[in-house]
Amino acid sequence: MRYFVTGATGFIGRHLVKRLLRREGTIHVLVREGSRARLEELMSSWGAVPGRIAPVIGDLTAPELGISDADRKQLEGVDHFFHLAAIYDMSADE
């Protein structure tokens, strides 16, 4: 199985990825460049075997998620897609 998860470093996403690690397969996670350190911390806390989690650098606000052509090719054949990322602005009015 191959999975793709957006929001993997968030509150819900980190719990999902931890559960997905109980299954076989590769877990591709969309992560901003600035969140790579957070992902590394989570991977360590999950006890993830190297290679099970594949970071895909991108941006939820960019066209086609800002994913490079090389990463896009790597995502071909993903079996399950979990979209848990969100864009929010805590300073926005109602």
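Is D69 buried or exposed? D69 is exposed, with a relative accessible area of 62%, where exposed means over 50%, buried under 20% and partly exposed in between (1.4 Å probe, protein chains only).

## Basis of the model

This is a predicted model, in which local features need pLDDT of at least 70 and side-chain atom pairs count only at pLDDT 80 or more, while totals for chains, interfaces and linings use all residues. Residues are numbered from 1 along each chain as its sequence is written, and side-chain values use heavy atoms, with hydrogens and water left out.

## Salt bridges

The structure holds 3 salt bridges, each defined as a side-chain nitrogen of Lys or Arg within 4 Å of a carboxyl oxygen of Asp or Glu. R72 meets D69 at 2.7 Å, N to O, and E64 at 3.0 Å, N to O, so that E64, D69 and R72 are linked in a network. E64 counts as exposed at 59% relative accessibility, whereas R72, at 31%, counts as partly exposed.

In helix α2, E41 and R38 form a salt bridge (3.4 Å, N to O), and these residues are separated by about one helical turn, being 3 residues apart.

## Helix α2

Helix α2 spans residues 36-46, with L39, L42, M43 and W46 buried; helices are DSSP runs (H or I, at least four residues) and strands likewise (E, at least two), numbered from the N terminus. Seen down the axis, the buried residues fall within an arc of 105 degrees, so they line one face of α2, the arc being that of the directions from the helix axis to the C-beta atoms. The face turned away from this buried side carries the exposed residues A37, S44 and S45.
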